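Subject: A structure for you to look through

Dear colleague,

I am passing on the structure we talked about, and below it I have written down what was found. Please keep it open beside the text while you read.

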Amino acid sequence: MYCGSCMRDNALAGSLKAAGHDVVLVPVYTPTLTDEANHSLNRVFFGGVSVYLQHKSALFRHSPKFLDRLWDSNTALRLASQRSVVVDPKFLGEMTVSMLEGEHGPIKKEFEKLCDWLVTEPKPDVISLPFALLISFAEPMKRVTGAPVVVTLQGEDLFLDGLAEPWRSRSMELIRANIKHVDAFIATSEYYARYMTAYFGIPAEKVHVVPLGINFEGLAPAEKTHSGFRVGFFARIAPEKGLHNLVEAVQKLDGVELHAAGYNLPEHREYLAKYAPFIHYHGSPDRDGKARFLQSVDVLSVPTDYVEPKGFSVLEAWACGLPVIQPAHGAFPEMIAKTGGGLLFSPGNSTELETAIAQMRDDSALRQDLAARGLAGVHQHYSMEAMTQAALSVYHRVA
């Protein structure tokens with residue numbers, strides 16, 4: 001699966017390097033998978049196999065280093081990550097708590113490995129953690145380096161709210177206890193800054209907005225060669241992303257095809273199978289395939305039930321010259337307000353979604369106008385340069 005948060009952080013690291021800054025992007029759990037040039041270190045900390053074994057058995061919490069190196073190798077991790085497994089909710093909750101317990105939990109040895117490596121490296125000016133689920137790294141990394149710590153907020157609430165009790169409450173407790181070790185938090189949208197300030201109880205002065213930026217290479221408008229009207233859905237194939245909402249709306253309209261692409265998790269295979277007869281499914285494409293998919297449809301809609309804090313696919317659609325139709329929640333209203341590149345509908349209102357699709361189908365001038373606005377707006381407001389400068393502003397402030 002291509003992870004939007006991983007791609008965002010990798011792209012930011014590459015942009016910072018291109019601007020002359022010294023960046024070390026450290027993978028956690030598994031080697032980083034991106035659809036662009038990979039800027040990460042060729043070493044993985046908290047290797048997924050090691051973390052799993054140490055969580056399951058005290059024996060592996062004291063295993064010799066030569067064994068750790070074996071299952072921490074990129075080869076072993078890639079082999080392990082190629083397996084498609086359904087994650088047990090109980091185990092997932094236990095593992096989340098173990099990670100958030102940090103140096104005081106069963107994965108203490110992994111924190112020691114990280115700190116031992118940090119003392120051999122040049123002192124960083126700032127440490128940036130990719131999400132609050134790794135906030136237990138903040139105190140030991142700050143202690144070893146003396147550097148300020150920044151944490152990016154980009155979708156933690158969906159994961160945490162999906163945990164069963166008592167692990168959700170314990171996870172929230174541990175995250176809140178570590179907020180004092182963080183110098184600044186970065187949110188990817190104004191909506192998420194407001195929401196997560198209340199969700200975690202973060203002091204408002206610690207939260208800053210750094211809007212998403214994307215690499216426009218390979219993403220551009222292309223002449224349509226198909227006949228008929230195509231609605232595109234590009235996101236993870238999972239209930240929270242709202243493919244079912246789009247199927248319901250399109251089924252009521254004449255002359256509309258629904259095309260979908262995105263990774264399908266093992267636990268959501270039945271979900272995809274239920275709607276497969278009503279869609280043209282294009283799998284989980286790489287970067288070139290993503291561009292071709294977006295260029296092959298007339299409008300993009302990802303009608304999420306989840307209140308989305310990011311919306312990468314909307315930015316990529318605009319870069320490919322598509323208008324969008326999105327629910328009026330999360331980051332979408334501010335994104336469309338900045339660019340003017342789409343229509344909004346009331347979340348959960350299938351009639352409004354159906355009406356918006358029909359309007360796009362029947363009014364080519366409207367489609368062209370919204371597409372042009374979106375294309376200009378995404379280049380103005382959501383470029384890599386804009387994201388990099390906003391991130392640097394926060395880094396300089398804390399450093």
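Leaving out residues up to four places away in sequence, His-244 touches Pro-239, Tyr-271, Tyr-275 and Asp-305. Please bear in mind throughout that this is a predicted model. His-244 is found in helix α11, and its relative accessibility of 19% falls under the 20% limit, so His-244 counts as buried.

Helix α11, which covers residues 243-250, also belongs to a right-handed β-α-β unit together with strands β5 and β6. How much of strand β6 is buried? Five of its six residues (256-261) are, so this strand is largely enclosed by the rest of the structure.

Strand β7 (residues 280-281) runs parallel to β6 and is joined to it by two bridges, and here Ala-260 has Tyr-281 in β7 as its bridge partner.

Next comes the interior. Nonpolar side chains tend to be buried together in soluble globular proteins. The largest nonpolar core here has 56 residues, and Leu-243 and Ile-357 are those with the most contacts inside it. Helix α14 (residues 312-319) gives the most to this core, with six residues. If neighbours within four places in sequence are left aside, Ile-357 is in contact with Phe-229, Val-231, Leu-246, Ala-249, Val-250, Leu-253, Val-256 and Ile-325. Apart from this core lies another, of 44 residues, which includes Phe-46, Leu-133, Tyr-191 and Met-196.

Phe-332 deserves a look of its own. It has its place in helix α15, which covers residues 332-339, and with 3% relative accessibility Phe-332 counts as buried. Which residues does Phe-332 touch, not counting those up to four places away in sequence? They are Val-302, Thr-304, Glu-308, Gly-311, Val-314, Gln-326, Pro-327 and Leu-344. Between Phe-332 and Lys-123, by contrast, there are 39 Å in space, C-alpha to C-alpha, and the two are 209 residues apart in sequence.

The buried residues of α15 are Phe-332, Glu-334, Met-335, Ile-336 and Thr-339, and the buried residues of this helix pack against α10 (190-200), α14, β9 (324-327), β10 (342-345) and α17 (364-381). Just after α15, Gly-340 takes a positive phi of about 70 degrees.

Finally, please turn to helix α9, which has 12 residues (167-178) and reaches 17 Å from its first C-alpha to its last, close to the 16 Å expected at 1.5 Å a residue. Its buried residues are Trp-167, Ser-171, Met-172, Leu-174, Ile-175 and Asn-178. An α-helix has 3.6 residues a turn, so residues three or four places apart point the same way.

With best wishes

Definitions and conventions
Residues numbered from 1 in each chain as written. Predicted model: local features only at pLDDT ≥ 70, side-chain atom pairs only at ≥ 80, totals over all residues. Heavy atoms only, no water. Helix = DSSP H or I, 4+ residues; strand = E, 2+ residues; numbered from the N terminus. Expected span 1.5 Å × (residues − 1). Buried < 20%, exposed > 50% of the residue type's maximum accessible area, 1.4 Å probe, protein only. Right-handed = clockwise from strand over helix to strand, strands pointing away. Pairing = 2+ DSSP bridges. Core = buried A, V, L, I, M, F, W, Y, C linked by side-chain atoms within 4.5 Å. Contact = heavy atoms within 4.5 Å.
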